[in-house]
Amino acid sequence: MTGRVVVVGSLNIDLSLTCDTIPAPGETVLASAVRRSAGGKGANQAVAAARAGGASTSIVGAVGDDPDGRHLLHELARADVDTAQVAVLAGHPSGLALITVDRAGENAIVVAPGANSAVVVDAAARELIHDAEVVLAQLETPQPLVAEAARSRRAGTPFILNAAPAATLIDELAHEVDVLVVNEHEARSVAGTSDLDEAVQVLVARFPAVLVTLGAAGSELHRADLSVVRAKALTVPVVDTTAAGDTFCGVLAACLADGLEIERAMTIAGTAASLAVQRSGAQDSIPRQAEVEALLP
C-alpha cells in the first residue's frame, strides 16, 4: 500500500512567455507564445507525487479568495491531491509566477507570493503531517512556517527540503532536514561558495543527506562517510525545464513513502523529470505513473 505524502508549500498561477532568449537587464524581447496555467512548487510537487509517483498526497498551503485560487484548487483536485488543508484567504491574492522560457527550454522566474506568505500550520494541518510517511517542502513559503510543519511529523518520518528558490536556511529549519534536494545553482547558493564540489562538502557537513540534481547528468546522493549514490538521466530533447525539479522531488517523496530504496527512488524520479522537460508548462508537463514505468530499466 502506498504511503501518504504531505507537501507543505506554494500554489501559484504561472504566466509563461516563450522567447528566443531570456532578456538581459534593460533588454526587451518579443514573446512568441503566452501560456497561463496552474503551478507553484508545492502544488507541482504534490501533483507529481500523486500522478507520477502514485502516492496518496495532501498539500498544506493557501490561495486567495479569487478566480486564480479556485482554478488552482480545481487542478489539484483533478490530480487527486487532497486540498482540505489549503486555506482560502480573503484579502490576499493568489500567488503568481512570471516565467520566461527560451528556445533551449531554460527559464527565468519571478514569483509574487501573495497568499503563500500567509500560510498557517493549524491543529488540523499538524495532525495531517503527523500521519504522513514523508513530508516534503520548498522555500516559496516562509521558512519559520516550513520549520513548524517539519516539527509536526512523527519521529523517524523523513523530511525532504527542496531548497528552491535558493536561500540561506535559518537554523531552526536546517535542523529538521533529513534530505536536502538542490540543483547545482542551489547547492552553491545555500553553501555560500561558487565551487560545486566544495559546496557539496559544506552541505554534507550540515545535513544527513544531500541529493544534487544535475539535469542531463542525472543525480547524486551524498552522505558523510558513505559512497556517493548516482542515478543516470535519460537523454531527451528539452522543450521546457519548468517543473522538472518539482517532478523529481514529488516522485522521490512518493517512492520513499512506498518504501523503495533511495537509489531506485532517484532513478524513477529522474525518469519522470526527463518526461516533464519534453513538455511545456508546469503541472501540464508532469507525466502519469504508467508513462514513467514504461521507460524504467
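Four strands make up an open sheet, ordered β3-β2-β6-β7, with mixed pairing. β3 (31-39) and β7 (107-112) are at its edges with a single partner strand each, so one side of each has no neighbour in the sheet. The twist from one strand to the next averages 15°.

Before going on, the conventions. This is a predicted model, in which local features need pLDDT of at least 70 and side-chain atom pairs count only at pLDDT 80 or more, while totals for chains, interfaces and linings use all residues. Residues are numbered from 1 along each chain as its sequence is written, and side-chain values use heavy atoms, with hydrogens and water left out.

Helices (H or I, at least four residues) and strands (E, at least two) are DSSP runs, numbered from the N terminus. Two strands pair if DSSP finds at least two bridges between them. Axes are lines fitted to C-alpha atoms, for helices over the stretch in contact, and angles run from 0 to 180 degrees between N-to-C directions. Contact means heavy atoms within 4.5 Å.

Strand β2 (residues 12-19) pairs with β3 in the antiparallel sense over eight bridges, and N12 has G39 of β3 opposite. Across β2 and β3 lies helix α2 (residues 67-78), running at about 70° to β3.

Now the other sheet. Nine strands form an open sheet in the order β5-β4-β1-β8-β9-β10-β11-β12-β13, again with mixed pairing. Its edges are β5 (81-89) and β13 (229-231), each with a single partner strand, so one side of each is left without a neighbour in the sheet. On average, with direction ignored, neighbouring strands of this sheet are turned by 20° against each other. Helix α1 packs on this sheet and touches β1, β4, β5, β8 and β9 (159-162); the direction of α1 makes about 160° with that of β4.

Strand β1 (residues 4-8) has parallel pairing on both counts I list here. With strand β4 (residues 56-64) there are five bridges in the parallel sense, and R4 stands opposite S56. With strand β8 (residues 134-137) there are four bridges, also parallel, and V6 has V135 as its bridge partner. Four of the five residues of β1 are buried, where buried means under 20% relative accessible area, exposed over 50% and partly exposed in between (1.4 Å probe, protein chains only).

Further along, strand β11 (residues 209-213) and strand β12 (residues 219-222) pair in the antiparallel sense over four bridges. L211 is opposite L221 there. Helix α7 (residues 196-204) lies across β10 (179-183), β11 and β12, at about 150° to β11.

How does α1 sit against α8? Helix α1 (residues 41-51) packs on helix α8 (residues 244-257) at an angle of about 50°, with the axes 7 Å apart. That makes α1 oblique to α8; angles under 35 degrees count as roughly parallel, over 145 as roughly antiparallel, 65 to 115 as roughly perpendicular and the rest as oblique. K41, N44, Q45, A48 and A49 of α1 meet D246, T247, C249, G250, V251 and A254 of α8.

Is Q45 buried or exposed? Q45 is buried, at a relative accessible area of 0%. Not counting residues up to four places away in sequence, Q45 touches V7, L136, Q138, N162, D246, C249 and G250.
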